[in-house]
Structure formats: C-alpha cells, structure tokens
Amino acid sequence: MGAVQRRIGRGTAIVLALFAPVVLGQGSVVDEIAKYRAALQDGNPAELWEVRGEDLWKQKRGPNAVSLERCDLGLGPGGVKGAYAQLPKYFADADRVMDLESRIVWCMVKLQGYTDADAKRNPFGAGNDKKADMEALVAYVTSESRGIRMNVGLNHPKEQEAYRLGEKIFFYRGGPHDFGCATCHGDDNKRIRLQDLPNLTKTEGAQKAYTTWPAYRVSQGELRSFQWRLNDCFRQQRFPELEFTSDASVALTMFLARNANGAAYDAPAIKR
Amino acid sequence: MHRRHLTFALCAALGCAGILVGCATAPSDAEISAKAAAMLKASFKERGQAKLDRLDQDDTQKTCSEYAGRVPPKDVVDRIEKVNLASIRWPADGKFLGDWKSGEKIAQEGRGKQYSDDPAGPVGANCYACHQLAPQEVSYGTIGPSLYQFAKVRGYGLEIQKYAYGKVFNPEAYAACTLMPRFGHNGILTEQQIKDVVALLMDPASPVNK
Amino acid sequence: MNNSRRDTLRAGGGITLLMLLAAAGWLKPGVAAAQAWNKAAFDTKSMDETMKALGGGAPAQSKDIAFFSTPDIAENGAVVPVGITSSIPKTESIAILVEKNPNMLTAVFDIPAGTEPSISTRVKMGQTSNVYALVKADGKYYVASKEIKVTLGGCGG
Amino acid sequence: MADPMKIRANLVGDSTEVKVLMSHEMETGQRKDAQGKTIPAWHIQTVTATYNGKTVLSAQWGPAVSKNPFLSFKFKGGAKGDKVQVTWVDNKGDKRTDEATIA
C-alpha cells in the first residue's frame with residue numbers, strides 16, 4: 001500500500017468527519033497547522049534546489065573548467081555524504097575554521113579558479129531572475145547528510161575558540177534596540193507575534209532549529225541557507241549587514257551547530 | 001595570569017603563532033570578549049541606515065552582554081539602573097498621555113531602523129511582537145509580559161503614568177538588562193510617540209483597559 | 001465547525017451553480033484536453049460576471065468526492081495543499097476552484113481511462129475561502145466543498 | 001532556460017505513482033513591483049504526462065497554482081525501468097520536458 005493510498009485513507013476519514021460532526025470534535029488550531037505542515041513534507045520544492053545543486057557540483061565550471069567533485073569538505077577530497085553533519089571544522093590548508101559556505105567558496109577559488117569576490121557574489125537568490133548557485137550547492141551538500149547525527153568536533157584549539165567567540169556573539173547586544181540573538185532565542189516557550197522561537201541556548205532548541213536549515217520558505221518561495229538565516233536575524237536586530245562567510249558568521253554557526261550535536265540532521269526542510 | 005603573560009612575552013619574542021597554539025592556556029573570558037567585538041567589526045558592512053557604529057556598545061549593552069542572560073549582581077544592577085534613570089528626559093510640559101489611537105498604530109508598526117527600511121519611513125515600537133495589549137489583537141508575542149488592563153490593575157494616577165513613560169523611554173532604569181529596547185534613550189521614538197504609547201497603556205478609553 | 005461548513009455548502013447553492021457554469025466553458029465535449037488553455041474560464045473574476053456570462057443546471061453535491069491531505073487551516077495562503085479523490089464511476093475530470101480568489105478556477109485535471117481519479121497539488125489562497133472540488137463523470141457534474149482558513153504569519157522574516 | 005523538474009515514479013502494487021515538482025515562478029499578474037507597476041502574469045498553462053506515448057494525465061492551470069508547483073497522481077500499469085515523461089508549457093511559450101524511470 002503506497003503513500004498516496006494511505007493518505008487517501010486519512011483524507012477519507014476527514015471527509016467522513018465532515019458528515020458526522022458528533023464523532024470528531026473540533027481539532028485545535030495547533031493540530032490543524034501541524035496537519036498543514038505534514039501535508040507539505042511530501043514534495044518539498046527544496047528538492048528542485050538539490051537537483052540543480054548536484055548538477056552544478058558535478059559540472060566543469062570556472063576558469064579552470066573543473067567540477068567540485070574533488071572538493072574536500074572535511075572527509076577528504078570527494079567526500080560529501082555526511083560532511084555537513086561535521087561542519088563547521090578547522091581546515092589546515094586554510095588555517096581557518098570554516099562552515100559549509102566558506103568551504104565551498106574555498107573550493108571554487110582553489111579548484112575552479114574563481115576569484116573570491118566572484119565566488120561570494122549573489123549568495124542569496126531572489127526569484128527565477130536571480131537564482132543563487134550557492135544556495136543550490138548548499139541544498140545538495142546538506143541533503144547528503146539527511147538522517148546523519150550532528151557531530152561537530154571541538155578538537156582543534158581554533159574550533160574551541162570559534163565556539164567561545166560564537167557564544168559571545170550570540171549574547172552580544174547592540175544597535176538602537178539593544179538586541180542580541182539571545183533577546184529572542186534565550187528562553188523557553190517564547191514567541192514573537194504568533195511565531196514560536198526556539199531557545200538556542202538549550203540542546204533541544206538548538207537541535208530542532210539547526211537541523212532544519214536550509215529550508216524552503218513557503219512565504220518567500222525560496223530555499224534559504226543557514227547563512228541566510230543569520231543574515232536576516234541581524235537585519236531584524238537592526239545591525240548592519242552580516243557579510244557572507246565572515247568570521248563572525250562562522251563562529252556563530254559553530255556555537256549553534258555544536259549545540260545541536262547528537263540530533264539527526266533533517267534538512268533541507270520546509271517552513272512557513 | 002602570570003603564566004599567560006610569560007607565554008605572550010615568549011611568543012612575541014619569537015613571533016610565532018605555532019608556539020601560541022602549542023603552549024598557551026586557553027584565552028581568558030575577557031580576551032574572548034574583546035576578540036568577539038573586534039571580529040564583529042570586521043564581519044559586518046554598513047548598509048542603508050545601519051552603519052558600523054551600531055556595533056559599538058555603551059556600558060549598559062556591554063555589561064548586559066557579559067552577563068549573558070543571567071541577572072547581574074546587585075551592585076551592577078544598581079549601577080545600570082542609576083545611570084539609565086538619570087538619562088531619562090521627562091516631557092517639558094509635565095504631561096505623559098498622548099493619543100491612544102496613535103499609540104495603537106505605533107504598537108502595531110514593526111518597521112523602522114532596519115537597513116531594509118526606508119529611513120524616511122515609519123518607525124514603530126512593535127509592542128505586539130512581544131506583549132499582549134488590546135485584546136482585539138490576537139497576534140501578539142510573549143517575550144514580555146501581558147500588558148492587557150495595564151492601568152486597570154495598577155491605577156490611572158500620575159505616578160503610574162510617569163512610570164509608564166519612563167519605562168518606555170528607558171526600561172533599563174527599572175530593570176537592568178531587560179530585553180526591552182530603550183525607545184527614548186536610543187532615539188527610536190519621539191517624545192510624542194512615547195506619550196501616545198503611554199496613552200494606549202493608561203487611557204481609561206484605551207481598549208487595553210477594557 | 002463541521003456544522004457551519006455544511007451550512008455554507010447548503011447556502012452556497014448559488015455559488016456551486018456558478019462553478020458549473022464556469023466549468024461548462026472549459027469542458028465542452030469533444031474538445032481535445034491538452035494544450036488548449038481555456039482563457040475564458042480562467043479569466044472569470046466574479047460571481048456576477050460568471051452568472052451573466054453563462055447558464056446551466058447546478059452540479060449535484062456528492063459524498064463520493066473526498067478531499068485528502070487538505071488541511072482545515074493553512075499557515076500560509078501562498079501554498080495550500082489540496083488533494084481530491086472521486087469515487088464516482090467514469091470520472092473524466094477534476095477541477096479545483098477557490099471561491100474568494102480573484103479568479104475562481106485554479107486548475108483542471110483531465111483523467112484518461114486507466115488513471116486513478118485522484119490528484120493532489122498546491123494552490124494559492126488570498127484569504128479564508130471555500131474550496132470546491134468539481135468532478136465531471138459520465139457527462140454529469142458533481143461537487144464537494146471544504147472551507148480552508150488562511151492565517152497570516154507573524155512579523156518574522 | 002527553465003530548470004529541470006524533479007519527477008519520482010514508483011510502482012506501487014499494479015499502479016505507478018507519479019510525483020512532480022516544477023521550477024516556475026507562477027506569477028499571478030496581481031502583484032505590483034516596488035515602482036507600483038503590475039508584474040505581468042507568468043504561469044504554467046498546460047501539463048501533460050505520458051507513459052509509452054499514451055497520455056496518462058493532462059491539466060490546465062491558472063496562475064493560482066502555487067509557485068514551484070507540486071503535482072501527484074497515479075495510473076494503472078507501468079513497469080519498472082520504463083519512462084514517464086512530463087511536459088509543461090507556460091503563457092510565454094516556454095516549455096520543459098523531463099522524464100523519470102519507474103522504480
């Protein structure tokens with residue numbers, strides 16, 4: 001019995017309820033929203049980015065006309081499966097802690113011969129006229145870690161330092177509103193307007209949040225990466241613009257990714 | 001402390017990062033804080049109305065960041081509240097209440113001060129993002145306490161009006177390291193806008209007090 | 001909630017009539033299904049307009065048309081999952097109509113013999129509205145409806 | 001050029017279940033840009049799915065089908081290794097055909 005048939009089975013139950021109002025009471029709004037989200041899981045448009053990203057990954061591109069298939073994401077050249085679940089990490093060749101996006105930029109420069117500026121151009125897409133290759137590449141690589149447990153290490157001193165810097169940045173308050181990440185994400189069971197806010201200082205909150213990015217944003221019709229999520233949080237914090245793959249973005253990602261350790265990675269996801 | 005000085009002296013003398021990694025103790029909390037602040041400066045770029053000086057912290061922001069969500073010790077709380085209370089500019093006309101209807105609009109308005117916002121456009125207080133106010137608005141946040149029936153339970157008197165004005169102008173004067181923005185102190189809202197928001201909280205005709 | 005939906009269905013007799021009328025425009029017998037996009041049907045903007053333009057009998061309300069994977073509440077109106085199954089013999093086509101959209105007709109699926117009369121897709125809804133599943137089977141029209149509430153998100157990005 | 005579709009075709013019992021994601025703006029023609037100018041409608045109008053040259057589904061869509069459309073249906077028959085083809089055509093005349101192997 002296939003998924004469609006099973007879903008039809010459930011649908012029939014809903015319709016029966018329609019004609020037998022006494023049998024089933026009113027479902028709560030929360031239950032119905034959960035049902036809405038469940039219905040979107042089957043056929044996540046993020047897959048369109050994954051397909052395009054895999055194609056881009058394997059295409060010979062850039063001045064050197066080579067693919068990214070020999071890119072070392074931390075598992076040795078060519079290792080993609082499970083790579084994202086161990087990022088960010090320290091890379092000796094760059095002598096720097098890197099998140100996925102930083103490492104893709106590194107490979108585009110070192111392997112494909114792009115300039116750093118070209119590799120970082122257009123990190124976030126906007127409609128079909130301004131598609132971001134980076135988001136597609138990120139969608140592909142992250143999809144290859146689906147189901148794998150987060151396992152971000154703090155072995156190298158620079159990894160330990162990045163984690164501590166990320167924690168400081170998380171609690172850093174500034175700007176005209178005195179906001180920091182912790183303003184919205186430092187306590188349990190809070191919401192902004194009707195939107196639930198994960199408590200990123202706790203393991204459960206960090207796991208739930210970190211393992212579900214990138215995500216296809218229904219409200220925007222775009223796939224959004226974790227770099228984008230951080231960028232847009234700082235916009236709403238009234239900070240200046242966070243630079244793509246900057247040290248602060250990587251340190252903050254290290255703090256949040258490490259806090260998510262132990263949870264099965266489950267993205268690209270789909271969100272409101 | 002002694003040992004770290006020694007390490008730095010040694011490394012400075014030899015000019016080698018490798019030894020630093022090999023022999024240094026982990027950097028202190030203060031060192032990490034200073035490095036994080038410098039890292040932020042290097043990681044952001046100005047955009048629209050959001051310039052890099054927004055990353056500069058005043059003493060309140062810096063101190064509250066250091067306590068990382070925990071309540072600071074009493075002497076620190078007293079210091080922050082004293083400084084912020086002294087900075088409040090009270091209305092010259094001695095009146096605290098404006099128009100609650102304008103206040104409701106300001107409480108609903110989420111735009112303002114973001115680099116994506118028009119600098120000439122509206123700047124709101126976005127109260128509903130964090131607080132329940134008028135019961136008609138069901139889309140409210142819970143980061144701050146419910147303010148429904150604010151004056152009905154506290155009283156409509158001048159002292160409460162003054163407290164409400166001061167709290168919106170500079171909440172750090174009353175609760176050190178609160179999550180609430182200092183709307184007057186930081187120049188987010190004008191005096192008139194604050195009066196209007198206070199009216200939303202205090203006016204007997206406001207839906208908040210129904 | 002269930003009661004009110006049934007009331008809406010009953011009160012909506014006039015609306016369902018429109019649905020048929022709109023439908024009649026695009027499902028003329030013998031017209032090749034694919035590649036012929038029926039502009040007139042998709043352009044229908046209001047009930048009045050549709051009423052004036054067309055005439056015909058009301059489709060029969062049917063318990064043999066079921067919605068599946070279709071929530072009562074949509075968190076975002078830009079993407080509302082709608083699945084429709086018809087158990088009416090000789091189902092030829094299934095259409096989705098959103099009552100309060102600027103254009104009511106959203107999609108028409110022709111079901112050749114051998115294909116199960118069951119489709120699912122996602123539609124845009126500007127606001128809370130009745131959604132109609134209109135089925136043509138053996139030359140006759142049948143309809144079922146379901147109200148879907150559209151909530152607006154918070155202020156987060 | 002339009003991006004590829006993501007098509008899944010799976011044999012379930014004696015039927016083939018087809019799920020399709022298409023990359024398309026599905027612009028309604030109701031929205032305005034920053035300058036207040038109406039953004040013209042741009043949407044898929046027809047979708048055709050074939051198996052062994054036989055049409056197994058055809059559809060007409062208006063602009064109220066969601067951006068990056070999803071479609072799922074099922075037809076009797078099909079054999080593992082065979083191909084299912086899907087074609088869409090939009091109101092600008094752009095079209096895209098992709099296929100998937102039944103698994």
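Colleague: What share of the contacts in chain C, between residues at least 6 apart in sequence, joins residues at least 24 apart?
Modeller: The share is 67%. A contact here means heavy atoms within 4.5 Å. In chain D the corresponding share is 55%.

Colleague: What kind of model is this, and what pLDDT do local features need?
Modeller: It is a predicted model: local features need pLDDT of at least 70, side-chain atom pairs count only at pLDDT 80 or more, and totals for chains, interfaces and linings use all residues. Residues are numbered from 1 along each chain as its sequence is written, chains are lettered from A and ligands numbered from 1 in the order written, and side-chain values use heavy atoms, leaving out hydrogens and water.

Colleague: How many helices and strands does chain C have?
Modeller: Chain C has four helices and nine strands. Helices are DSSP runs of H or I with at least four residues; strands are E runs of at least two; both are numbered from the N terminus. Along the sequence of chain C the order is α-α-α-α-β-β-β-β-β-β-β-β-β.

Colleague: And how many helices and strands for chain D?
Modeller: Zero helices and seven strands. The C-alpha atoms of chain D fill a box of roughly 55 × 20 × 20 Å along the principal axes.

Colleague: What percentage of the residues of chain C and of chain D count as buried?
Modeller: Of the 157 residues of chain C, 57% count as buried. For chain D it is 56% of 103 residues. Buried means under 20% relative accessible area, exposed means over 50%, and partly exposed lies in between (1.4 Å probe, protein chains only).

Colleague: Now chains A and B. What area do they bury between them?
Modeller: About 4400 Å², with 56% of it on carbon and sulfur atoms. Tyr172(A), Arg173(A) and Arg193(A) supply 19% of the area that chain A buries against chain B, more than any other three residues. Buried area is the accessible area (1.4 Å probe) that two parts lose on being put together, summed over both. The contact takes 38 residues from chain A and 56 from chain B.

Colleague: How many residue pairs are in polar contact across the interface of chain A and chain B?
Modeller: The rule finds 31, with both residues at pLDDT 80 or more. Elements giving two or more residues to chain A's side include helix 7 (157-170), helix 10 (226-236) and strand 7 (241-242). Helix 7 of chain A gives the largest share, six residues. By class, that side has 17 nonpolar, eight polar and 13 charged residues. A polar contact is a pair of N or O atoms within 3.5 Å; within protein, one must be able to donate a hydrogen and the other to accept it, and residues adjacent in sequence count only if both atoms are side-chain atoms. For the classes, Ala, Val, Leu, Ile, Met, Phe, Trp, Tyr, Cys and Pro are nonpolar, Asp, Glu, Lys and Arg charged, and the others, Gly among them, polar.

Colleague: What joins strand 7 of chain A to strand 1 of chain B?
Modeller: Two bridges, and the strands run antiparallel. Two strands pair if DSSP finds at least two bridges between them, so these two pair. One bridge partner of interest is Phe44(B), which faces Leu242(A) in the pairing.

Colleague: Why do Arg182(B) and Asp178(A) count as a salt bridge?
Modeller: The rule asks for a side-chain nitrogen of Lys or Arg within 4 Å of a carboxyl oxygen of Asp or Glu. Their N to O distance is 2.7 Å, so the pair qualifies. Arg182(B) lies in the loop between helix 8 (158-169) and helix 9 (191-202) of chain B, and Asp178(A) in the loop between helix 7 and helix 8 of chain A, so the pair joins two chains. Arg182(B) is buried at 1%, and Asp178(A) is buried at 1%.

Colleague: Where do Lys58(A) and Glu54(A) lie?
Modeller: Both lie in helix 3 (residues 46-58) of chain A, four residues apart, about one turn of the helix. Lys58(A) is partly exposed at 38%, and Glu54(A) is partly exposed at 33%.

Colleague: How many salt bridges does the rule find over all chains?
Modeller: The count comes to 40. Five cross the interface of chain A and chain B.
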